[in-house]
Amino acid sequence: MAFEPTLLARVEKPNSPRLEGYRADGGYAAFERVLKDKQPLDVVTQVKDSGLRGRGGAGFPTGLKWTFLPKDHPGPIYLCINADESEPCTYNNRILMEKDPHQVLEGIMLSCYAIKSPVAYFYIRYEYGTAFRTLQAAIDELYDAKLLGKNINGTNFSLDIYLHRGAGAYICGEETGLIESLEGKRAWPRIKPPFPAIEGAFRKPTIVNNVETMACVTQILRRGNDWFKSLGVPPDPKNPRDAGSYGPKLYTIAGHVNEPKCVELPMGVTCRDLVEKHGGGVWKGRKAKTVNPGGLSMGFLDCNAPLKGEDGKTEYDIPLDFNGPGRVGCLGLGTAAVTVVDDQTSMVDVLHNVCQFFSHESCGQCTPCREGTGWMLKILERMRRGKGRKDDLDVLVDVADRIGIIPGTTICGLSDGAGWPVKTAIRKFRAEFEAAIEAKTASKYAKLQMVGAH
Amino acid sequence: MAVLGPEIREKIRAYLPRYPRKQAVTLPALHLVHDEYRTVSNEAIVEIAEILELHPSEVHDTMTFYEFFKHDGDQLGKARLWVCRGLACMLRGAYELIDHCEAKLGVKCGERTADGKITLEFAECIGACDGAPACLKNDEHVMNVTAEKADQLFSELRR
């Protein structure tokens, strides 16, 4: 049976962002039912039992996160929505916000009811101007319909949702960076603990959730846990810490494919199927060399490297669930943004681009990240000019191994994400890098300088 | 003589009830001022700080962190055109597109054209990878930008 999209079910409809159409499709019925018949704790329990894991990148169980809030807190408790979607090659949240904002907003309303939050701050990156205006129009419709504001539907529940625009900084997607930015400060991530659930925005208990996670909450409350758990991958019985990969997932496909697009599939589609069946295959009749399976921070897989213990399969065949990318040395599923690089492209150019991004976006707070990302870029720049040295590759891997929260040298995970693509690319494509250093030829992009701008 | 007009001040104040602390209005205020005046001057920083009951250095600290706002001595063009240089766009011609834009406009990224109409910028991934290479026209995505499409954009923005 063909899979029917749920999260994207409405995106092709005319006027899909409007309240009228959303209500005609059954929208806000779940919210009104919950408001009438359920206690906040019932909603927390249902979301926890659904197995929903956050869609922003780390995959932390959503309902469990909610239970970390202090009990009987005098308030206020805040919900922050992380719509800073800046992980390179990721755009699934944008599609939801532009095409079906009410599905996201209903999830926010349900979540605020569950965690007893009277205010949601919806932090949206500046670059999403269309999504910003679409959401503001949708929020205005909700105030007009009295679904937001004081005493909604005659209950004691009141809620305001405020959009807050960023200003072009990747670090604002880190949840405590986001909170600092919201508060009007530089977006330097905080040392944890305390986690935001204990002390977050304005020093109050705060939950930070992703946009797609909110759309999932809407669908879980509408369709139930049996539906949610009928999709995806159950926990690995051999791994007692695995919470499973349930539900539908939005995958974005980008780079060297014939049809870059956002598709919804049950969790666990293989990378190969995603690219070949849903992305129209690799462009220009070429072959895939490498794929970045979940945003740049997750690293690279080698499409030609055999997959251990699975005859005839390669790293290209890994399932894109929360565990799959980890089997081939990648950091995780991340944002499920899949970027394909064809076999005609130089890994030196690819890795230079990656290092350029992280060096530009390191917030500068922790020395290993600020200096490490800067030096990795300098080495890649040299390599791109055809002046690479023999020991450069070892230096790069050494730096990449030492920056981040995993080695314990930084406050946030930005530099784990900066290191992972470097070490996976060099470990998996070492021969190509060595040949490039040996050949001493400059990249076609070597003279392009983009420094000093904004 | 104040540099911020009464309307802008009113718009900034309208944000105050949304947050438990005035400092949270820093980014909204910076955006309002930057959009209107195409720069955030030192005087504007002092006046924003007065409204938000902050020290000017606090506003300045936040503002410069983002490297997004043009400040004293620099000015945005009438339009701001960002060319994405993220990996997905690079793989589909973004670097060639940046080269083309710089040559055609006669400026480097970060600079304003002589007629004051366009400020050219590079951007890190703008989340428009399904239309790579992509640009941001002020804050709106323009997808699948070829050299010809870029030239059309220039004339549109210069009108």
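**Close-up views of a predicted two-chain model**

**View 1. Packing of helix 12 of chain A against helix 15 of chain A.** In helix 12 of chain A, A:M347, A:L351, A:V354, A:C355 and A:F358 meet A:A418, A:P421, A:V422 and A:A425 in helix 15 of chain A, where contact requires that C-beta atoms, placed from the backbone, lie within 7 Å. The residues of this contact divide into 9 nonpolar, no polar and no charged (Ala, Val, Leu, Ile, Met, Phe, Trp, Tyr, Cys and Pro count as nonpolar, Asp, Glu, Lys and Arg as charged, and the others, Gly among them, as polar). The axes of helix 12 (residues 347-361) and helix 15 (residues 414-428) of chain A come within 9 Å and cross at roughly 165°, axes being lines fitted to C-alpha atoms, for helices over the stretch in contact, with angles from 0 to 180 degrees between N-to-C directions. Helix 12 and helix 15 of chain A are therefore roughly antiparallel to each other (angles over 145 degrees).

The model is predicted, so local features need pLDDT of at least 70 and side-chain atom pairs count only at pLDDT 80 or more, whereas totals for chains, interfaces and linings use all residues. Residues are numbered from 1 along each chain as its sequence is written, while chains are lettered from A and ligands numbered from 1 in the order in which they are written.

**View 2. A β-α-β unit in chain A.** Strand 2 (residues 119-124) and strand 3 (residues 160-165) of chain A run parallel and are joined by 6 bridges, with A:V119 standing opposite A:D160 in strand 3 of chain A. Helices (H or I, at least four residues) and strands (E, at least two) are DSSP runs, numbered from the N terminus.

**View 3. The open sheet of chain B.** This open sheet of 4 strands has the order 2-1-3-4, with mixed pairing (two strands pair if DSSP finds at least two bridges between them). Strand 2 (118-123) and strand 4 (140-142) of chain B stand at the edges, each with a single partner strand, so one side of each is left without a neighbour in the sheet. Strand 1 (residues 79-84) and strand 3 (residues 135-137) of chain B pair in the antiparallel sense over 3 bridges, and B:L81 stands opposite B:K137.

**View 4. The side of chain A that touches chain B.** Contacts link 49 residues of chain A with 42 residues of chain B. To this side of chain A, helix 12 of chain A gives the most, with 6 residues.

Methods: Right-handed = clockwise from strand over helix to strand, strands pointing away. Parallel < 35°, antiparallel > 145°, perpendicular 65-115°, else oblique. Contact = placed C-beta atoms within 7 Å.
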